[in-house]
Amino acid sequence: MTQVTISKMTADQIPDLVAIENACFSRPWTYDGFAAELDKPSANFFTAAVDGRVCGYVGFQAVLDEGYVDNIAVLPEFRRRGVARALMDTAVSRCRELSLSFLSLEVRRSNSGAIALYEQLGFVVAGERKGFYSAPKEDALIMTLYFNYN
């Protein structure tokens with residue numbers, strides 16, 4: 001397991017996050033998109049670094065008692081090294097701190113690695129979105145982690 005350092009997103013990390021987006025997605029977020037999240041009270045964005053290099057991030061919105069993942073991304077050369085798990089563990093911990101009822105996300109139906117990670121974390125398939133993704137076009141599974149505070 002690689003040593004991963006997680007921190008809250010800062011403005012000086014945005015260029016790194018844009019580079020991660022460009023490496024990972026056909027429809028990447030822009031600098032302005034990330035910058036807008038910095039001052040949004042509902043936004044919870046965290047970055048992952050290995051040996052000082054920002055290599056991934058997760059962002060979610062906390063709305064009332066609900067959590068919705070905007071995105072999670074890890075540079076290809078850092079995948080399967082525990083970075084995504086560290087990011088998701090941080091997001092889940094933050095949701096618990098905020099006493100959210102659930103955390104929900106969409107994932108490409110073909111992304112078996114991500115689906116397996118989410119299942120290990122306790123997420124269950126709660127539905128699907130037909131044709132949710134483009135480039136390439138694909139259905140999304142809606143996966144949700146429900147928090148029980150009893």
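## An exposed loop residue and the basis of the model

Leu 64 is exposed, at 81% relative accessible area; here buried means under 20% relative accessible area, exposed over 50%, and partly exposed in between, with a 1.4 Å probe and protein chains only. Leu 64 sits in the loop between E3 and E4. Although not a glycine, Leu 64 has a positive phi of about 55°.

The model is predicted: local features need pLDDT of at least 70, side-chain atom pairs count only at pLDDT 80 or more, and totals for chains, interfaces and linings use all residues. Residues are numbered from 1 along each chain as its sequence is written, and side-chain values use heavy atoms, with hydrogens and water left out. Helices (H or I, at least four residues) and strands (E, at least two) are DSSP runs, numbered from the N terminus.

## The sheet

Seven strands form an open sheet of mixed pairing, in the order E1-E2-E3-E4-E5-E7-E6. Two strands count as paired if DSSP finds at least two bridges between them. In general, strands of a sheet pair through backbone hydrogen bonds, either parallel or antiparallel. The edges are strand E1 (5–8) and strand E6 (124–133), each of which pairs on one side only. Neighbouring strands of this sheet are turned by 25° against each other on average, direction ignored.

Strand E3 (residues 53–63) and strand E4 (residues 66–74) pair in the antiparallel sense over eight bridges. Within this pair, Gln 61 has Tyr 68 of E4 as its bridge partner. E5 and E7 also run antiparallel and are joined by seven bridges, with Val 107 opposite Leu 141 in E7. E6 and E7 are antiparallel as well, joined by six bridges, and Tyr 133 stands opposite Glu 138 in E7. The hairpin of E6 and E7 has four residues between the strands, and Ala 135 takes a positive phi near 55° there. E7 is mostly covered, seven of its nine residues being buried.

## Helices across the sheet

H2 lies across strand E2 (43–50), E3 and E4, and runs at about 115° to E2. Helix H4 (residues 112–120) lies across E4, strand E5 (102–108) and strand E7 (138–146), running at about 160° to E5. Axes are lines fitted to C-alpha atoms, for helices over the stretch in contact, and angles run from 0 to 180 degrees between N-to-C directions.

## Packing of H1 with H2

Two packed helices are described by the angle between their axes and the distance between the axes. For helix H1 (residues 14–24) and helix H2 (residues 31–38), the angle is about 130° and the axes are 9 Å apart. H1 and H2 are therefore oblique to each other; angles under 35 degrees count as roughly parallel, over 145 as roughly antiparallel, 65 to 115 as roughly perpendicular and the rest as oblique. H1 passes H2 in a right-handed crossing. A crossing is right-handed if the near helix is turned clockwise from the far one by less than a right angle, and left-handed if anticlockwise.

On the H1 side, the contact (heavy atoms within 4.5 Å) is made by Ile 14, Pro 15, Leu 17, Val 18 and Glu 21, and on the H2 side by Tyr 31, Phe 34, Ala 35 and Leu 38. These residues divide into eight nonpolar, no polar and one charged. Ala, Val, Leu, Ile, Met, Phe, Trp, Tyr, Cys and Pro count as nonpolar, Asp, Glu, Lys and Arg as charged, and the others, Gly among them, as polar.

## Packing of H3 with H4

H3 and H4 pack at an angle of about 40°, their axes lying 11 Å apart. That makes H3 oblique to H4, and H3 passes H4 in a right-handed crossing. Ala 84, Arg 85 and Met 88 of H3 meet Leu 117, Tyr 118 and Gln 120 of H4 in this contact. The residues of the contact divide into four nonpolar, one polar and one charged.

## Two further loop residues

Arg 80 lies in the loop between E4 and helix H3 (83–97). Arg 80 is not a glycine, yet has a positive phi of about 65°; at 84% relative accessibility, Arg 80 counts as exposed.

Gln 13, in the loop between E1 and H1, counts as buried at 12% relative accessibility. Not counting residues up to four places away in sequence, Gln 13 touches Ser 7, Lys 8, Thr 47 and Val 54. Gln 13 and Val 54 are 41 residues apart in sequence and 7.6 Å apart in space, C-alpha to C-alpha.
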